[in-house]
Amino acid sequence: MKTANPSPLFSPLAIGGITIKNRLAVSPMVTVYCDTDGMATERFIAYHETKAKGGWGMIIVEDYAVDPLGRGFWTPGLWKDEQIASHARLTERVRRAGSAIIAQIYHAGRQTSAGLIGAQPVSASPLPCPAMGEIPRELSVAEIEKIVSQFGDTALRARQAGFDGVEVHGAHGYLIAQFMSSYSNKRSDAYGGPLENRLRFPLDIIADIRKKCGSDFLIGFRISGDEKVPGGRAIEETKAVAIRLEKQGVDLLHVSAGTYESPWAIVPPMNIPPGWIVDYAAEVKKVVSLPVMTVGRINDPFLAESILRSGKADLIAMGRASLADPDLPDKFAEGRSEDIRRCIGCQQGCREILRRNEPIRCLVNPTCGYEYRREFKKAEVPRKITVVGGGPAGMEAARTAALAGHDVTLYEKADRLGGQFAAAAVPPAKGELATYLAWAARQVEKLGVAVKLKTPYTKEICRSENPSLVIIATGACCARPPIPGIDGPSVVSAEEVLTGRVSVKRKVVIAGGGMIGCETATYLGSLSRQVTILEMLPTIAADEESTRRFFLLQMIDDQRIRVLTEAKITGITETGVRIEQNAELFDIAADTVVLALGMEPENALAKELEGMVPLKIIGDALKSRNALEAIREGFLAGAQA
């Protein structure tokens with residue numbers, strides 16, 4: 001840590017034979033940065049090294065598989081000696097940067113697929129994981145004993161690779177959790193039935209690790225305080241488990257929540273309030289004397305400090321917060337909290353991409369996962385750069401170009417920065433999007449970017465200023481397909497509604513049941529409007545990230561919003577909308593029709609400026625997508641200006 005800070009977050013903690021320099025830990029998150037054989041790559045190493053250089057006291061590295069058949073993703077592995085050397089390079093660089101480093105070790109059990117591992121998944125009982133759908137094979141006693149030994153052997157390899165300890169993954173519905181919970185364990189032998197039997201597997205694993213790795217090797221245990229599934233383990237039983245884990249020699253308990261059937265609890269989206277399961281850790285802390293770590297949408301150091309001061313936990317794990325800003329601890333220590341990029345719980349880069357077994361990214365941090373490329377550097381010769389469009393792509397381009405040393409001017413035709421992202425922050429449970437916009441606007445200001453609001457950029461301005469490069473980030477506009485009546489006085493766009501530029505009467509039809517349409521519907525529903533969503537596809541909100549979609553559909557149901565799918569709009573009149581559904585035509589009365597039929601690039605300016613000046617088109621002005629892609633393109637445009 002670069003400067004002293006009186007916050008208790010920066011007090012050291014002795015635990016399991018090591019001393020952690022502060023109370024801020026990076027929780028384990030699957031990255032898919034290793035190769036397919038579980039070897040550490042430069043991408044994987046640089047990603048963790050960057051966090052260590054940012055001041056985190058402890059980094060827990062995700063899901064080291066104890067067996068290649070126990071992987072749920074292309075996770076790292078220490079199931080064989082040949083993997084030790086590559087991961088030793090990881091630990092050497094992280095420890096040199098000042099962080100303790102822990103290997104989380106796991107077996108996915110039934111929470112994987114034959115398509116990934118090339119074999120039938122295994123579990124405590126032959127019950128399929130509802131999220132995966134494949135029936136696993138019930139493990140025999142001999143196989144259980146073998147896996148116990150594999151955990152111990154993997155922990156020993158972790159020690160040989162230079163890790164300070166291991167975290168046994170007993171949470172989130174993976175194999176150990178499958179044995180511990182009567183929700184997934186229906187055995188009637190020594191490993192099933194009463195809690196004592198269900199704990200035999202994890203307790204044997206801990207004993208085997210301790211025997212092979214010694215008393216000075218940290219053993220942590222991650223557990224779901226509440227599995228958030230019918231019949232799953234809740235907090236009181238978790239407390240009973242915690243007592244047994246402490247007696248068995250665990251040094252640290254990491255209290256999380258959820259299983260694959262409740263994924264919103266494992267990686268909670270912005271619909272869930274920050275610090276939402278802190279009280280689970282506090283309950284566990286009442287019954288054990290060892291350190292307890294909390295986690296769960298803790299995206300702000302002030303919140304982390306409050307939790308620590310309240311005595312509810314001894315360590316604060318911040319996973320996605322470290323994706324958003326790997327330098328969070330150092331910035332907070334130096335009194336630069338306004339410079340911290342906070343996680344907004346959007347799930348676009350860290351979870352939705354991961355579901356495809358692809359390397360994770362971060363919407364608000366366009367360098368996440370690309371640290372090894374070292375893409376940013378100071379400009380050797382500063383240039384005059386103009387950015388047109390003050391949405392996420394434009395602000396990121398302006399910020400990065402200014403950071404590189406260029407003279408940057410940002411033009412925005414509206415009276416404020418934010419673009420479509422500002423409108424997206426309006427619906428219920430979306431307010432945290434504004435957190436990113438406030439950060440980006442402040443950074444642009446601090447870097448001396450000349451921001452010209454309410455100023456449409458023209459050929460005349462371009463000719464007068466003669467910039468070296470114009471970055472076009474003009475975003476997208478509402479699509480208007482050729483529907484009879486679509487230009488009528490009662491027809492408005494979703495953006496106009498969300499930004500308050502138009503008033504909406506009592507009866508509203510939303511034309512389009514994608515994410516934008518559904519979120520606009522919930523906004524209007526919260527204002528007691530009578531809302532109907534019309535969608536041509538069989539389902540609504542199909543383009544929404546899955547955990548946020550869960551809550552969005554729940555909100556639509558709670559607000560009693562009418563939904564008509566496989567419905568085609570054939571015309572719009574002054575009194576409503578005519579639709580075709582199931583080969584029948586009928587009318588729906590509406591005072592206002594809100595268009596949410598997709599977005600189209602708004603790049604007419606690029607055609608006007610073509611040939612006058614070098615141009616770079618980014619974000620939705622190039623192709624309508626999402627902010628994850630737009631901000632990444634903004635960063636690259638600024639870095640390469």
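I'll start with Leu-156, which sits in helix α4, residues 141–160. Helices here are DSSP runs of H or I with at least four residues, strands are DSSP runs of E with at least two, and both are numbered from the N terminus.

Before going on, the basis. This is a predicted model, where local features need pLDDT of at least 70, side-chain atom pairs count only at pLDDT 80 or more, and totals for chains, interfaces and linings use all residues. Residues are numbered from 1 along each chain as its sequence is written, and side-chain values use heavy atoms, with hydrogens and water left out.

Back to Leu-156. Buried means under 20%, exposed means over 50%, and partly exposed is in between, using a 1.4 Å probe and protein chains only. Leaving aside neighbours within four places in sequence, Leu-156 contacts Lys-212 and Cys-213, contact meaning heavy atoms within 4.5 Å. Lys-212 is 56 residues from Leu-156 in sequence, yet their C-alpha atoms are 6.3 Å apart.

Next, the surface. Phe-376, Leu-403 and Leu-447 make up a nonpolar patch with about 200 Å² of accessible area together. Patch residues have over 30% relative accessible area and no salt bridge; like charges are joined within 9 Å, and nonpolar side chains (Val, Leu, Ile, Met, Phe, Trp, Tyr) within 5 Å. A salt bridge is a side-chain nitrogen of Lys or Arg within 4 Å of a carboxyl oxygen of Asp or Glu. Areas come from the Shrake-Rupley method with a 1.4 Å probe, and for residues only the protein chains shown count as cover. Leu-403 belongs to helix α15, residues 392–403, and is partly exposed at 32%.

Last, the sheet. It is open and antiparallel, with three strands in the order β22-β23-β24; two strands pair if DSSP finds at least two bridges between them. β22 (567–572) and β24 (584–589) are the edge strands, each with a single partner, so one side of each has no neighbour in the sheet. Strand β23, residues 576–581, is joined to β24 by six bridges. Within that pairing, Arg-578 has Asp-587 of β24 as its bridge partner.

Glu-566, between β21 (562–564) and β22, has a positive phi near 50 degrees without being a glycine, and is partly exposed at 47%. Ala-583, in the loop between β23 and β24, also is not a glycine and has a positive phi of about 65 degrees. Ala-583 is exposed, at 75%.
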